[in-house]
Amino acid sequence: RRLFGGGGGGAASAPLLLLRLLWRWRDDLEAFGSLLSLFELALALPCHRSLLSLELSVPADEPVDAASAARRRPLRLPALLRYAGEAARRGTSEGWRDAEQRARHLAKEWGALATALGLTSGE
């Protein structure tokens, strides 16, 4: 509970770090799977608003020049899970297929929570 924003001075720092790690390690099956497990566990904790309100600024798709490479877009957890799941789709092993399905399922779960809480669910 404390990891996902149980109060205190830097309550948002651990969840934001987890978002950063999810984005950074989306191409590493072991790390990605472990991070997905943390977000699965977080569904059972009273931390939904704090996780869903965070945004991570990520590079824009397919930079073609320096100006577009510098462009960034903010993503919230459901969209981040969706994009990370798409990256997992590139893997060919059964482990990657499972990771993609888990990420897709989590994106739907967190998106539904965002809608129920009246928060934006995506980009």
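A: Start with a term. Contact means heavy atoms within 4.5 Å. Remember too that this is a predicted model.

Q: Which helices do the buried residues of α2 pack against?
A: The buried residues of α2 pack against α1 (13–24), α3 (48–53), α5 (77–88) and α6.

Q: Which residues of α2 are buried?
A: Buried means under 20% relative accessible area. In α2 that covers Phe32, Gly33, Leu35, Leu36, Phe39 and Ala42.

Q: Why do residues three or four places apart point the same way in an α-helix?
A: An α-helix has 3.6 residues a turn, so residues at that spacing point the same way.

Q: What happens at the start of α2?
A: Look at Asp28. One of its side-chain oxygens comes within 3.3 Å of the backbone nitrogen of Glu30.

Q: Where is Arg102, and which residues is Arg102 in contact with?
A: Arg102 belongs to helix α6 (residues 94–116). Leaving aside neighbours within four places in sequence, Arg102 is in contact with Gly33, Leu36, Ser37 and Glu40. With Glu40 there is a polar contact, side chain to side chain, at 3.0 Å.

Q: Which rings do the charged ends of Arg24 and Arg26 sit over?
A: The charged end of Arg24 sits over the ring of Trp25, 4.2 Å from its centre. For Arg26, the ring is that of Trp23, with the charged end 3.9 Å from its centre.

Q: How many aromatic pairs are found in the whole structure?
A: The search finds 1.

Terms used:
Residues numbered from 1 in each chain as written. Predicted model: local features only at pLDDT ≥ 70, side-chain atom pairs only at ≥ 80, totals over all residues. Heavy atoms only, no water. Helix = DSSP H or I, 4+ residues; strand = E, 2+ residues; numbered from the N terminus. Polar contact = N/O pair within 3.5 Å; in protein donor to acceptor, adjacent residues only side chain to side chain. Buried < 20%, exposed > 50% of the residue type's maximum accessible area, 1.4 Å probe, protein only. Phe/Tyr/Trp six-rings, centres within 6.5 Å; stacked < 30°, edge-to-face > 60°. Lys NZ or Arg CZ within 6 Å of the ring centre and 35° of its normal.
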